Structure formats: structure tokens, C-alpha cells
Amino acid sequence: MTQTRQGELRERMTILGDVDAASFIPWIRRHADKLGLSQDFFYTGTDRIELEVAGPVELIDMLEMGCSLGPIDVWVDEIHRRIVDPADTP
């Protein structure tokens with residue numbers, strides 16, 4: 001994992017819904033890259049995606065909003081976020 005710079009957060013984002021579309025993971029990666037957010041995916045399934053993103057909180061908010069709208073072939077019910085304790089990351 002990458003270390004975050006000052007003023008940046010690392011958050012675990014859990015996306016729930018009908019998220020099985022093959023287009024969604026590349027869509028998330030592309031939008032996170034556009035926002036300059038680093039991302040690590042931990043789980044991808046038919047009803048859940050878990051990833052960690054790091055960057056300024058305002059940009060993480062923007063990624064969350066984008067994911068909630070998502071591509072047309074995905075239905076997002078909920079997105080949960082929690083700050084990852086830096087002490088938990090190597």
C-alpha cells in the first residue's frame with residue numbers, strides 16, 4: 001500500500017447493489033485516476049465491491065458521487081465509507 005501525503009485520507013469504500021457488470025471496475029479505476037486517487041481493490045462480487053482509495057477527502061467525495069450514479073448497466077444501492085487507520089497500513 002502507498003503511504004498517504006499530509007491532508008489526504010485513506011478510506012475503505014464498500015459499494016453495494018447490482019454491481020456485477022464487467023464495465024464497473026474499469027469505470028471506477030478510470031474515474032479514480034482522473035481524480036488523482038490511488039485505489040486498491042480487495043473484493044469484487046455480484047453484489048459488493050470493496051476498495052481503498054487515498055487522496056483529498058473532497059475528491060473521494062466526488063468518486064463516491066460518481067459511483068452512486070455509475071454506468072448505466074450498474075445499480076448502486078448504498079456506499080459505505082470508513083477512514084482507514086494509518087496504523088493499520090504497513
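Predicted model: local features only at pLDDT ≥ 70, side-chain atom pairs only at ≥ 80, totals over all residues.
Trainee: Where does T44 lie, and what does T44 touch?

Mentor: T44 lies in strand 2. Helices (H or I, at least four residues) and strands (E, at least two) are DSSP runs, numbered from the N terminus. For touching, we ask for contact, meaning heavy atoms within 4.5 Å. Not counting residues up to four places away in sequence, T44 touches I25 and I49. T44 and I15 are 29 residues apart in sequence, and their C-alpha atoms are 9.5 Å apart in space.

Trainee: OK, zooming out. How many helices and strands does the chain have?

Mentor: The chain has 2 helices and 4 strands. Walk along from the N terminus and the elements run β-α-β-β-α-β. Of the chain's 90 residues, 40% count as buried. Now take the contacts with a separation of 6 or more: 71% of them are between residues 24 or more positions apart.

Trainee: How do I read the sheet? In which order do the strands come?

Mentor: Strands of a sheet pair through backbone hydrogen bonds, either parallel or antiparallel. The test used here is that DSSP finds at least two bridges between two strands. In this model, 4 strands form an open sheet in the order 2-3-1-4, with antiparallel pairing. Strand 2 (38-44) and strand 4 (75-83) are the edge strands, and each pairs on one side only. From one strand to the next, the twist averages 20°.

Trainee: How many bridges join strand 1 to strand 3?

Mentor: There are 8 bridges between strand 1 (residues 9-18) and strand 3 (residues 48-55), which run antiparallel. You can find the partners yourself: I15 has I49 as its bridge partner in strand 3, and M13 stands opposite L51. On to strand 2, which pairs with strand 3 in the antiparallel sense over 6 bridges. Y43 stands opposite E50 in strand 3, and a hairpin joins strand 2 to strand 3 through 3 residues.

Trainee: Why is strand 3 largely enclosed by the rest of the structure?

Mentor: Because 7 of the 8 residues of strand 3 are buried. T14 counts as buried, at 15% relative accessibility. Apart from neighbours within four places in sequence, T14 is in contact with R48, I49, E50, E78, I79 and H80.

Trainee: Now the helices. How do I describe two of them packed together?

Mentor: Two packed helices are described by the angle between their axes and the distance between the axes. Axes are lines fitted to C-alpha atoms, for helices over the stretch in contact, and angles run from 0 to 180 degrees between N-to-C directions. Here, helix 1 (residues 24-35) and helix 2 (residues 57-69) have axes that come within 10 Å and cross at roughly 150°. Helix 1 and helix 2 are therefore roughly antiparallel; the cut-offs are under 35 degrees for roughly parallel, over 145 for roughly antiparallel, 65 to 115 for roughly perpendicular, and oblique for the rest.

Trainee: Which residues in helix 1 and helix 2 meet?

Mentor: From helix 1, F24, W27, I28, H31, A32 and L35 meet L59, M62, L63, G66 and C67 in helix 2. The residues of this contact divide into 9 nonpolar, 2 polar and no charged. In that scheme, Ala, Val, Leu, Ile, Met, Phe, Trp, Tyr, Cys and Pro are nonpolar, Asp, Glu, Lys and Arg are charged, and the others, Gly among them, are polar.

Trainee: And which strands does helix 2 lie across?

Mentor: Helix 2 lies across strand 1, strand 3 and strand 4, and runs at about 160° to strand 4.

Conventions
Residues numbered from 1 in each chain as written. Heavy atoms only, no water. Buried < 20%, exposed > 50% of the residue type's maximum accessible area, 1.4 Å probe, protein only.
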